[in-house]
Amino acid sequence: MKACIAGIGSYVPARVLTNADLERMVATSDEWIRERTGIRERRIAATGEACSDLAVQAGKRALTAAGLAATDLDMILVATCTGDYPLPATACLVQYQLGATKAAACDLSAACCGFVYALSVADAYIKTGMRHVLVIGSEVMSAITDWTDRNTCVLFGDGAGAAVVSASDGERGILSTHLRSDGALCELIMVPGGGSRTPPSEKVIDERLQYIKMKGNETFKVAVRSLEEIARSTLAANHLRVEDIDLYVPHQANIRILKAVMERLSLPIEKVMLNVDRYGNTSAASIPIALDEAVREGRIKDGSLVMLGAFGAGLTWASAVIRW
Ligand code: ACO
């Protein structure tokens with residue numbers, strides 16, 4: 001018994017925030033952002049549009065692609081670091097909106113690796129008897145972005161992607177997943193205020209601690225090393241060579257990180273899904289949005305061998321190999 005992706009879908013908010021728009025907000029330039037990150041524009045949720053709203057749209061599209069009804073679902077997992085509320089779980093709001101009356105629902109917090117971590121959880125549940133798990137990565141990063149901090153505000157965007165993971169007894173399916181973490185590096189990417197360590201207060205607001213802080217340059221170096229390491233061990237675990245991979249779908253954080261990884265792995269750019277230019281870093285939503293676009297563009301077909309690679313706060317890093 002394998003777990004396969006039976007349907008995929010994504011949703012991004014309508015509002016586009018360009019680099020030219022950011023030039024009017026902080027001391028930056030379109031040229032700096034494009035050269036240092038590869039990002040041209042990103043999507044921003046409308047006022048009142050929250051994580052579950054994006055997740056529901058992506059989830060509906062994935063269900064349609066899989067030819068299933070919400071009532072077929074056994075479980076909904078929402079990977080996010082920008083849920084609607086500290087509690088309840090955003091997955092419960094999605095469960096209600098979709099009408100998934102037989103589904104368990106919970107959130108998973110692993111930042112940019114959330115989707116791959118959740119895929120791994122879904123894989124394990126399918127192997128122990130569940131039939132259909134809806135895995136969603138959904139983020140409203142704009143809600144935790146400090147729009148006065150040029151070091152971070154140019155990087156992030158909002159969006160959601162979803163995959164229906166179903167039991168399959170054929171060749172297709174998730175071949176393996178690989179998950180890593182190193183909490184010693186937790187301070188590289190952090191929202192320092194608003195949690196139980198430093199609950200909401202005037203001090204939190206005054207010092208802007210409710211927003212994401214990142215040591216970008218240090219993160220960059222660890223990201224390149226970690227993505228290379230986990231790709232190599234994933235290939236080795238499956239007795240595969242880089243040449244066997246039809247498409248590498250990485251977390252879209254920064255084009256320079258991805259080019260360094262491609263070079264280290266001798267992976268040609270034609271075999272890499274890139275859309276960071278249009279969406280920026282959408283954290284847990286980034287890989288499922290990229291997967292959905294790759295399917296719709298015909299870059300992933302039945303039988304394609306697809307490798308995922310993610311990296312983010314925690315620190316966490318993760319990968320998966322899927323026979324589509
Ligand atoms: N516009 C103009 N100048 C800027 C901007 C900006 N938007 N942002 C920073 N700068 C300046 C800095 O102030 C610095 O100036 P200084 O030398 O005078 O101090 C200079 O540019 C260089 O800054 P660096 O931080 O060294 O730039 P770097 O080349 O490392 O690029 C970046 C920064 C894009 C953040 C990069 O380090 C990066 O992408 N890091 C990894 C991000 C990542 O992968 N995060 C993981 C996922 S996030 C999550 O988990 C939620």
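Leu315 is found in the loop between strand E12 (305-312) and strand E13 (316-323). Strands (E, at least two residues) and helices (H or I, at least four) are DSSP runs, numbered from the N terminus. The model is predicted, so local features need pLDDT of at least 70 and side-chain atom pairs count only at pLDDT 80 or more, whereas totals for chains, interfaces and linings use all residues. Residues are numbered from 1 along each chain as its sequence is written, and side-chain values use heavy atoms, with hydrogens and water left out.

The peptide bond that joins Gly314 and Leu315 is cis, with omega about -10 degrees. Another cis peptide bond joins Leu87 and Pro88, with omega about 5 degrees; Pro88 belongs to the loop between strand E4 (75-79) and H4. In the loop between strand E5 (104-108) and helix H5 (114-127) lies Ala111, a residue other than glycine whose phi is positive, near 50 degrees. For context, most peptide bonds are trans, and most residues other than glycine have a negative phi.

Helix H4 (residues 90-98) packs with helix H3 (residues 51-66): their axes come within 9 Å and cross at roughly 50 degrees. Axes here are lines fitted to C-alpha atoms, for helices over the stretch in contact, and angles run from 0 to 180 degrees between N-to-C directions. H3 is therefore oblique to H4; angles under 35 degrees count as roughly parallel, over 145 as roughly antiparallel, 65 to 115 as roughly perpendicular and the rest as oblique. The crossing of H3 with H4 is right-handed, that is, the near helix is turned clockwise from the far one by less than a right angle. Contact means heavy atoms within 4.5 Å, and on the H3 side Cys51, Ser52, Ala55, Val56, Lys60 and Leu63 meet Thr90, Leu93, Val94, Gln97 and Leu98 of H4. By class, this contact of H3 with H4 has 7 nonpolar, 3 polar and 1 charged residues. Ala, Val, Leu, Ile, Met, Phe, Trp, Tyr, Cys and Pro count as nonpolar, Asp, Glu, Lys and Arg as charged, and the others, Gly among them, as polar.

Helices H8 (residues 216-237) and H9 (residues 255-265) have axes that come within 9 Å and cross at roughly 40 degrees. They are therefore oblique to each other, and their crossing is right-handed. Residues of H8, including Phe220, Val224 and Leu227, meet residues of H9, among them Arg256, Ile257 and Val261. The residues of this contact of H8 with H9 divide into 9 nonpolar, no polar and 5 charged.

A polar side-chain atom of Arg256 is 2.8 Å from an oxygen atom of the ligand. An N or O atom in the side chain of Arg36 is 2.5 Å from an oxygen atom of the ligand.

Technical notes: Polar contact = N/O pair within 3.5 Å; in protein donor to acceptor, adjacent residues only side chain to side chain.
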